[in-house]
Amino acid sequence: MAKDLDHSIEQKLLHTLFFLFGFGIMAWVPRFPELRAHLGLENGAFGSLMSTGSVGAFFGLLTVGHIIHRFGAFKVTIASIVILFSSLAVLVHVQSSFLFLIFNISFGFGITAVHVCLNSQGFHFLERSKINLITSTAGYWSAGSLVTAIVSGLLVGRVGLITHMQLLSVVLAISMISIVIRLKSVLLESNKDSASDYSIKQIFTGFRIDWPVSLGMACVVYLEFALGDWGTIFTKDRLAVSGGLSTAPFIVFTAMMICGRLLVHRLQRVNPIHVLVRRAALLAGFGFGTSIVTATLLPDSLKWWSYGLFILGFAIAGLGSSFAGPAFFAAANRRSSLPSAVVVGQFGVVNNVLLFGIKWIVAWTIQFTGSIALAMMIPTAMMLATVFFVDSLKEGSKSKV
């Protein structure tokens with residue numbers, strides 16, 4: 001029977017999984033204008049319907065970590081991948097808002113389940129090898145989302161949305177499952193000590209919230225969520241550019257995010273992570289906010305200047321928010337005594353609840369004001385508020401729960 005893989009091979013396989021994960025779940029983002037038209041919805045209703053994936057994500061975050069602890073990562077990861085991509089394949093077919101809601105909840109659960117499985121394995125790898133992959137895996141996830149944004153942008157008007165998503169779902173599901181099978185010998189095993197099993201009651205009574213880290217994480221990551229949900233629609237509606245050009249700002253945003261995540265280790269040789277995150281949050285908040293406000297105030301005759309400012313703003317946002325999220329994520333695990341799979345889930349629950357409410361606020365701000373630019377000031381303000389929570393990233397900081 002094969003024993004543990006070499007750490008270098010395991011690292012490459014984990015990076016590949018994160019790349020494919022990002023490639024898969026972000027593939028439809030550049031095609032949201034088509035999806036909105038397919039469903040026949042206005043911005044407010046579309047944004048609210050999309051946010052229902054958070055319901056599935058909530059249950060996934062609350063339970064999947066405990067399921068991995070009970071049954072091991074191998075079976076749970078494969079089941080999660082199947083749920084994820086089968087839901088995506090069905091979502092682009094339906095035109096009923098009710099059916100879309102049901103399968104979007106399933107899709108949200110699948111995303112979260114795979115997220116918990118892969119990140120738990122990342123922490124498991126850290127424990128065994130003393131090599132921290134948390135930021136680099138986030139970089140590979142972003143690389144996958146960048147490549148898929150480019151591909152999706154090129155396919156707009158050439159390949160139908162349904163054909164694109166169906167083919168992608170089948171190919172990625174098979175590819176990711178084959179990698180998981182190869183990783184089987186090093187995946188988290190089921191808990192052998194029945195005394196440390198978690199009951200359904202304990203899932204709730206044992207819930208712990210590390211507020212400084214959770215609030216900091218919610219503040220810093222929502223800009224990424226907002227641009228993922230609205231970035232393409234924002235550019236297309238505000239500037240009336242083609243489908244391919246409307247994806248360019250989001251592509252630039254993702255590219256800069258990759259650069260930040262893959263290069264942050266060099267910056268940490270000079271400054272500690274909490275100092276870097278403080279500076280990055282200020283850069284992202286002021287840089288993005290200023291660029292977007294200026295771009296929207298320019299007259300229609302300066303359309304391409306506005307477009308250039310959109311790209312600049314998205315680039316600054318990507319660079320400034322790149323490593324802050326993974327930094328809070330790693331701090332949550334370091335500050336907790338619970339198993340990593342459970343920490344990933346519980347930490348995510350709090351952020352999911354917070355982000356669910358914020359998504360609704362942003363969606364209906366857009367609906368009632370008709371201004372996506374105004375709504376984007378909400379994640380801008382949140383990014384700036386991140387500076388109040390960066391002390392929780394200090395190496396010696398401890399959770400009070």
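# Briefing on a two-domain predicted model

The domain assignment of the protein chain gives domain 1, covering residues 5-188, and domain 2, covering residues 204-391.

**How the domains meet**

- The C-alpha centres of domain 1 and domain 2 lie 19 Å apart.
- Across the boundary between them, 45 residues of domain 1 are in contact with 45 residues of domain 2.

**Helix α2 and its buried face**

- Helix α2 runs over residues 32-39, and within this helix Phe32, Pro33, Leu35, Arg36 and Leu39 are buried. Because the buried residues of α2 fall within an arc of 160° when seen down the helix axis, they line one face of the helix.
- The cover over the buried residues of α2 includes α3 (43-51), α6, α8 (161-182) and α10 (211-239).
- After α2 comes Gly40, and the phi of Gly40 is positive, near 70°.

- Ser152 is found in helix α7, which spans residues 134-155. With a relative accessible area of 0%, Ser152 is buried, since the cut-off for a buried residue is under 20%.
- When neighbours within four places in sequence are left aside, Ser152 is in contact with Ala27, Pro30, Arg31 and His164.

- Phe98, Leu99 and Ile102 make a nonpolar surface patch of about 290 Å².
- One of these residues, Ile102, has its place in helix α6, which spans residues 97-129. Ile102 counts as partly exposed, because its relative accessibility is 38%.

**Salt bridges**

- The side chains of Arg128 and Glu10 meet in a salt bridge with an N to O distance of 2.4 Å. Arg128 lies in helix α6 and Glu10 in helix α1 (residues 7-25), so the pair ties together parts that are 118 residues apart in sequence. Arg128 counts as partly exposed at 28% relative accessibility, whereas Glu10 counts as buried at 0%.
- Arg261 forms a salt bridge with Glu224, and the closest N and O atoms of this pair are 3.6 Å apart. The two residues link distant parts of the chain, with Arg261 in helix α12 (residues 248-267) and Glu224 in helix α10, 37 residues apart. Arg261 is buried, with a relative accessible area of 6%, and Glu224 also counts as buried, at 18% relative accessibility.
- The side chains of Asp391 and Arg278 meet in a salt bridge with an N to O distance of 3.6 Å. This pair, too, links distant parts of the chain, with Asp391 in the segment after α18 (377-385) and Arg278 in helix α13 (residues 273-297), 113 residues apart. Asp391 counts as partly exposed at 43% relative accessibility, and Arg278 counts as partly exposed at 30%.
- Through salt bridges that share partners, Arg278, Asp391 and Lys394 are joined into one network.

Conventions
Residues are numbered from 1 along each chain as its sequence is written. This is a predicted model: local features need pLDDT of at least 70, side-chain atom pairs count only at pLDDT 80 or more; totals for chains, interfaces and linings use all residues. Side-chain values use heavy atoms; hydrogens and water are left out. Patches are made of residues with over 30% relative accessible area and no salt bridge: like charges are joined within 9 Å, nonpolar side chains (Val, Leu, Ile, Met, Phe, Trp, Tyr) within 5 Å. Accessible areas come from the Shrake-Rupley method with a 1.4 Å probe; for residues, only the protein chains shown count as cover. A salt bridge is a side-chain nitrogen of Lys or Arg within 4 Å of a carboxyl oxygen of Asp or Glu. Helices (H or I, at least four residues) and strands (E, at least two) are DSSP runs, numbered from the N terminus. Buried means under 20% relative accessible area, exposed over 50%, partly exposed in between (1.4 Å probe, protein chains only). The arc is that of the directions from the helix axis to the C-beta atoms. Contact means heavy atoms within 4.5 Å. Domain bounds come from an automatic or database domain assignment.
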